[in-house]
Amino acid sequence: MNQPNVTSAETIAAELADLENIVSTLLGSKTHSEEALIDEIAKYRAVTGPHLSDSDCNQLTRKLIRRLNIDVEQGVAVFDQDFKPWLDDKRHELTWDRWLTYKQWLLTVKRPWRVVDKMDLLTQELLDFAGDPSLAGPWARRGLVIGDVQSGKTSTYLGLLNKAADAGYRLVIVLAGNTESLRQQTQARIDEGFIGRDSRLKVARAGSGPSSERFIGVGAIRKDLAKASGMTTVMRDFRKSSQEATNITVTLDQPQPYVFVLKKNKSVLQALTDWLSEQPLTAGQLDIPLLLLDDESDYASVNTREDTNPTAINSAIRDILKMFSRSSYVGFTATPFANIFIDHETDNDLFPRDFIYSLESPNNYVGSEAIFGTTDHANSSAVLDLDDAEESFPIGHKSSYEVSAIPDSLRAALRTFLIANAIRDVRGHDEPRSMLINVSRYKKVQARVYELVEEELSGLRNSIQLHSVNYSNGVPNVDVDLLRSTFREMYADVGVSWEEVLDALPGAVTDIRAQLFNSDRDKKLEEAGIPWDRPKRLVAVGGDVLSRGLTLEGLITSYFYRNVQASDTLLQMARWFGYRDGYEDLCRLWIDPAVAADYRFVASSIDDLRRDLRLMHSQKLTPEHFGLAVRKHPGSLLVTAKNKMKATETRHQRISLLAKRIETTKLSKDHAIIDGNYRALERLIDTLEETRVTRTRTRRGYHRWQHSPKSIVSDFLGSFRAHHTDEVFSQSAISSFVSHTQSPLMQTWDVVLVNGERTTPDGQSAETTLGGITFYPPSRGMTVGSGGELRVSGSSSRLAGSDDLRNLVDEATADRVTQEFKLKFPGKAVPEHDFYAHLARPTLLIYALKPKTTPEGKKRIELDTTSLVVAIKLAIPGDPIDVYNTSTDVEYVINTVAQRLWFVEYADDASDEDIDD
């Protein structure tokens, strides 16, 4: 892989400013599509910004979408072939009072009108898919909406709720995660955006007198619409005591909807089922149209057992839906893996058989690519490597572990948060700010970390308040010295001086408070019936309770040291994604570089699935097709975390190799294994040469053995050993498959030995001889992950270069594929998956790597071997959405041993009461 030249930050900033001025002037004040904006940036990038990366241009795109009138993408759906649209015929007959009020409120709170207009179109589509509430029963619809973490899904489903109520849905149930903190947060949002009254003033206890009412949100705009019956409040979920106090009969002629905001809790859902069973029934069912919105629907709602013995939450949701003759279930999630594993042939389960809708986030959304970059181009401007956390918070620690002190990196993160608060004050911001600290899943450990953080905060606060004035007059202080050093390291170029920060610090830190978030605290909130009182300036310390849907407003600083490799769990822990308008340049994330690489991989897996969904949409395929595609995606192996499987369960999981990224990025650093892989490569080359397999050169000069028998490839794969945390290559499944497959596609292979640079950094020839042939070993940075694995490419999670596959096809084909992609997506680099279909044969790419010299300041990797480090990539031609093609399906056996090896953090025997869940 060619390494980019180092360009100064000043050059990048100047080129970005020039490009911004040109594009802004050309587009002016008229409305343009997002595609047109990307096209203009791409057109002038070559002249004005030759040193700009794709990541730089993506950030500029997000910035200009906020400034200019840019029409953002809406999303795509796949749906059942029997779907009959109904809303177009009826929408002019309906009165959209609730929606128009909600729309007005969104504009009042400064939502961009273009975003609100897009939400109008989006919620129109979602309501169409959800079903016509006036249609006589029986009918039951199931759907799924996929959006990014922290991307505004709540605003979207509030828009859907308002339109659904206008259309005639009379009972609404919102399942708001599994914690009281999250339920309260969701209830407050629904009070504001749908009910219109502050339920914190309502005491839901029998015998209490009437309470005062305060109209908020949509209710402050139209009090006459704030009449929905809120069956839960911020302080109280729906329990037996609520039933006794709520003598309400649900009827069709009720003009306003009934609204429940519930936790995914067995007793809560049973209380609702009991209450519903006492309502007037027709033929054993309620004849009232129900809309059930399941937020974080991949969590707890999915049945992880046999259908004859479903999990409690899954069974309770199904029971509620069965009580209605007309019902629509719509799940919302950012990680759709688990939802798609639901058996689509089980009639009454929650598989989204009717529709799956993928939302597009606006470009001012700060997601995985904005923070981490991509697997091809890592971005680390706001990401700081954690290299001292292991001593304080060892990965795989037990619940009894005693934390004696916090590491220097966490102290630096706390100082950074204090300084960022001061900068925001200087900028005139008054919105809430927060910091996240997540280093353990155990409540006792979290509590000790919280104590140490409080102690550190108190010391910093006292030093600032007592010494900042004297410091500005030349009186030294150690803590203020550290704050100044931190400012210069983190924020020297944000347009605010140290003198301004020092002057603002005393006022900025006065109200900063630390809070501990775990399930014990959550239970206290529920038992006491009190609302969660969040400081406007908050340092949140916790674990998994922080990781599911909970929004930390104004999140600036994040400190994360966890080893969670399951795709859905990992992505949901990313509270640092979201909207950061006005302070994105202040956001900082401390994280282990190996975990950052995992985020890039998970994000690319989700992108793969969304790309597949867009292709399926264009080919009019159905949710069943998408479900099969997800199940067979290599990333699906990561979903089977120990806490989603029975302890004794052995699961057989099939993945497809067709047009998927199958490569080793987790290798063993054991010298015996490295040497063994190198010898296996020598034997492979010897065998290819001895059997006179045709050897040619690719366009880039790589050695390529064409039409190699599958037996030779299988023997090599059987000898090759990856690290045991590599989910795809840690078993012998692939080598066994290659050996036994009867697919005509897989009988002969191409084997390619990939070259790197021809000269070393000091100008010497990099030529190496192996098996009698000469080549140039690629050079890669390597780090050691928290599981002891050798991570290829350091902060990236890629082995192959971004254009390695492009150079395996002929030049005419490569040019044609590139032109076709550029027409559809101007300004973007052609992804490698567009070249899979054009490969002549399945290809084994071999990378005999020379580890790079470790950069100054980083831990040196000692491999104790002189062998090159062998890594491999498989590239199988084909159509990734040809879900019924089983010719390249490989079966894995996932048992408790595999779980323990893959999911380090879950490999212990702690009792449930120790774990923050």
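**Reading a sheet and a helix**

A: In this predicted model, six strands form an open sheet in the order E12-E18-E16-E13-E15-E14, and their pairing is parallel. E12 and strand E14 (512-517) stand at the edges with a single partner strand each, so one side of either strand is left without a neighbour in the sheet. From one strand to the next, the twist averages 15°.

Q: How many bridges join E12 and E18, and in which sense do they pair?

A: Strands of a sheet pair through backbone hydrogen bonds, either parallel or antiparallel. Here E12 and E18 pair in the parallel sense over three bridges, and Ile-591 in E18 is the bridge partner of Asp-385.

Q: Which residues of H17 are buried, and where do they lie around the axis?

A: Buried means under 20% relative accessible area, and by that cut-off the buried residues of H17 are Val-480, Leu-483, Thr-486, Phe-487, Met-490 and Tyr-491. They cover an arc of only 115° around the axis, which means that they sit on the same side of H17. The face turned away from that buried side carries Val-478, Arg-488 and Glu-489, which are exposed.

Q: Which residue caps the N-terminal end of H17?

A: Helix H17 spans residues 478-491, and Asn-477 caps its N-terminal end, with a side-chain oxygen 3.0 Å from the backbone nitrogen of Asp-479.

Technical notes:
Residues are numbered from 1 along each chain as its sequence is written. This is a predicted model: local features need pLDDT of at least 70, side-chain atom pairs count only at pLDDT 80 or more; totals for chains, interfaces and linings use all residues. Side-chain values use heavy atoms; hydrogens and water are left out. Helices (H or I, at least four residues) and strands (E, at least two) are DSSP runs, numbered from the N terminus. The expected span of a helix is 1.5 Å times one less than its number of residues. Buried means under 20% relative accessible area, exposed over 50%, partly exposed in between (1.4 Å probe, protein chains only). The arc is that of the directions from the helix axis to the C-beta atoms. A polar contact is a pair of N or O atoms within 3.5 Å; within protein, one must be able to donate a hydrogen and the other to accept it, and residues adjacent in sequence count only if both atoms are side-chain atoms. Two strands pair if DSSP finds at least two bridges between them. Axes are lines fitted to C-alpha atoms, for helices over the stretch in contact, and angles run from 0 to 180 degrees between N-to-C directions.
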